[in-house]
Amino acid sequence: MSGLDVSLTGAVVRYSRRGAPALDVADLAWSPGLVHGLLGRNGSGKSTLLAVVAGFQRAGAGQVRVGGDDPFEHAPSAAGTCLVREGGDVVTSDRVRDVLRTAAALRKSFDLAAAAHLAERFELSRRSFVDRLSRGQRSALGVVLGLASRAPLTLLDEVTLGLDAAARAAFACELAREQAEHPRTVVVATHLVDEVEPLLDRVTVLHAGRVLLAGDVEAARSRVVAASGPAPAVEGFAVGRDVVASRRLGGTGEVVVTDPDGQSRLAAEVAGLRVGSPSLQDALVHLTSRSPTPSSLASAGAGR
């Protein structure tokens, strides 16, 4: 399978001795050739994790491996990894066409023809100077650089933030096409989940620097169960369970609980309640709306 595998064992990153760690004993594994979603709220540690995987920063403790090697200051790992952050980290005084040519000169896998196609797809003029681009155009340039890199490990850190709805739809289409024609390991870090969910093979959810959940998309969604029905029955069902959200409207109640082993779903069905799984976006909101606590969710359905 194309692409590089990634693993972290007990990885910790601290920016100050007294502050909370930006990455706190992270354990995860990203299989090669898949599209992985790295999900979490702002400040959850997504950018720190990607910087460590890309070799831009060294973990203060633990082990990080990309293709079996420590990526920090490791030239072969750097050659096979492309990290694109919002805006692309490019020379702003250059024209777009010069940025693309420089990327092609620095990376053997970079495809200029693909970059030209993508620039046209995102209505990005290659004659424009980078410092005159709008925020959305800068984001589009980052997408072009990431997808056209065709790097075995492509890391996209919040690259869709500045894109409008049409451009986000184009990103989803082009990522799917690239992955079908030139498969690699892709990690998409975002807190805007709904539009990328159909593209994802696996998800990793970070919260306060910790891996809260890892697994395939359906397994991740099923770790949270919504049950609704007559308020007394819902309240009885909730007793002793890990409740992440609840509401009551007249005589009807609804509760959302974590369900790492499927037993809560079964109990709700036995109680005659209406049962459903929230969308991945809603599950993420529910799971990250409170302080992180040790949970079996982290290892449930781990996509390794």
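Predicted model: local features only at pLDDT ≥ 70, side-chain atom pairs only at ≥ 80, totals over all residues.

Analyst: Happy to. H4 passes H5 in a right-handed crossing.

User: Which residues make H4 and H5 a packed pair?

Analyst: Contact means heavy atoms within 4.5 Å. On the H4 side, Ala114, Ala115, Leu118 and Ala119 meet Val144, Leu147 and Ala148 of H5. By class, this contact has seven nonpolar, no polar and no charged residues.

User: What makes residues of helix H3 count as buried?

Analyst: Buried means under 20% relative accessible area. In H3 (residues 96-106), Val96, Val99, Leu100 and Ala103 are the buried residues. They cover an arc of only 95° around the axis, so they lie on the same side of H3. An α-helix has 3.6 residues a turn, so residues three or four places apart point the same way.

User: Which residues are on the other side of H3, and what do the buried ones pack against?

Analyst: Arg101 and Ala105 are exposed on the other side of H3, where exposed means over 50% relative accessible area. The buried residues of H3 pack against H4 and H5.

User: How do you know that the chain's radius of gyration agrees with a compact globule?

Analyst: For 304 residues, a compact globule would have a value near 19 Å; the chain has 21 Å, which agrees. Buried residues make up 49% of the chain, which has ten helices and 13 strands.

Notes. Residues numbered from 1 in each chain as written. Heavy atoms only, no water. Left-handed = near helix turned anticlockwise from the far one by under 90°. Helix = DSSP H or I, 4+ residues; strand = E, 2+ residues; numbered from the N terminus. Nonpolar A, V, L, I, M, F, W, Y, C, P; charged D, E, K, R; others polar. Buried < 20%, exposed > 50% of the residue type's maximum accessible area, 1.4 Å probe, protein only. Arc of directions from axis to C-beta. Rg over C-alpha atoms; globule rule 2.2 N^0.38 Å.
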